[in-house]
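Colleague: Thanks for making time for this one. Could we go through the charged pairs together?

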Amino acid sequence: MRSFTSFAPVLLGLFLFAPIVAADEAKPDSNELEVLQVPQPNAPELSPAQQYCSSIMDAATAAQIAQQTRNLEKAQKQLNDRIAVLAEKAEVLKGWIKMREDFTARATESLVQIYSKMKPDAAAAQLAAMDEMVAAAIMSKLTPKASSLIMTEMEVAKAARLSAVIAGAGEVAVHPERKADAQ
């Protein structure tokens with residue numbers, strides 16, 4: 001046991017001296033300390049409320065953008081639906097206009113044939129009694145020979161107004177009060 005007691009101070013010295021040597025070896029030199037230091041931010045310290053706001057800002061912005069995108073998509077869908085409804089109604093109206101034009105063309109052709117076969121004095125009396133625009137349309141589709149015979153049988157003022165309508169000055173001739181109102 002004697003040998004153990006003689007080694008005890010040596011072992012005790014090793015145990016106490018070894019951590020000091022290891023700590024000296026673990027210390028980096030001053031150049032290494034400068035490289036390893038993390039620079040301190042220059043920003044002022046934020047209050048807890050400011051820290052909270054800055055931490056949720058990206059999430060709030062993303063949520064706001066998502067909400068606006070949803071609103072835009074909803075508005076675009078409503079707009080597309082409205083355009084589809086209006087396009088459908090436009091097609092229906094085009095169909096009605098086509099039917100009306102076809103009817104008018106047939107009716108006008110029929111009227112032109114009827115008035116072309118009438119005696120000039122009877123045709124003149126009937127054309128003088130109807131709307132001047134319609135009478136002018138019928139007169140313009142009649143042959144020049146039939147139109148001239150009918151116009152010779154008409155009252156001079158009425159024939160002059162129909163001639164003006166056929167010539168293109170009809171709005172003024174048919175409705176002279178509109179010209180006076182415009183001035």
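**Salt bridges and a helix face**

Modeller: Happy to! Keep in mind that this is a predicted model. Let me start with Arg-161, which is partly exposed at a relative accessible area of 30%. Through salt bridges with shared partners, Arg-161 belongs to one network with Glu-132 and Lys-158.

Colleague: How far apart are the closest N and O atoms of Glu-132 and Arg-161?

Modeller: Glu-132 sits in helix 5 and Arg-161 in helix 7, so this pair ties together parts 29 residues apart in sequence. The two form a salt bridge, and their closest N and O atoms are apart by 2.6 Å.

Colleague: And is Lys-158, in its salt bridge with Glu-132, buried or exposed?

Modeller: The closest N and O atoms of Lys-158 and Glu-132 are 3.3 Å apart. Buried means under 20% relative accessible area. Lys-158 has 8% relative accessibility, so Lys-158 counts as buried.

Colleague: Which residues of helix 5 are buried, and what arc do they cover around the axis?

Modeller: In helix 5 (residues 132-141), the buried residues are Glu-132, Ala-135, Ala-136, Ile-138 and Met-139. They lie on the same side of helix 5, because their arc around the axis is only 165 degrees.

Colleague: Which residue forms a salt bridge with Lys-77?

Modeller: Lys-77 is exposed, at 52% relative accessibility. With the closest N and O atoms 3.1 Å apart, the partner of Lys-77 is Asp-81.

How values were computed: Residues are numbered from 1 along each chain as its sequence is written. This is a predicted model: local features need pLDDT of at least 70, side-chain atom pairs count only at pLDDT 80 or more; totals for chains, interfaces and linings use all residues. Side-chain values use heavy atoms; hydrogens and water are left out. Buried means under 20% relative accessible area, exposed over 50%, partly exposed in between (1.4 Å probe, protein chains only). Helices (H or I, at least four residues) and strands (E, at least two) are DSSP runs, numbered from the N terminus. The arc is that of the directions from the helix axis to the C-beta atoms. A salt bridge is a side-chain nitrogen of Lys or Arg within 4 Å of a carboxyl oxygen of Asp or Glu.
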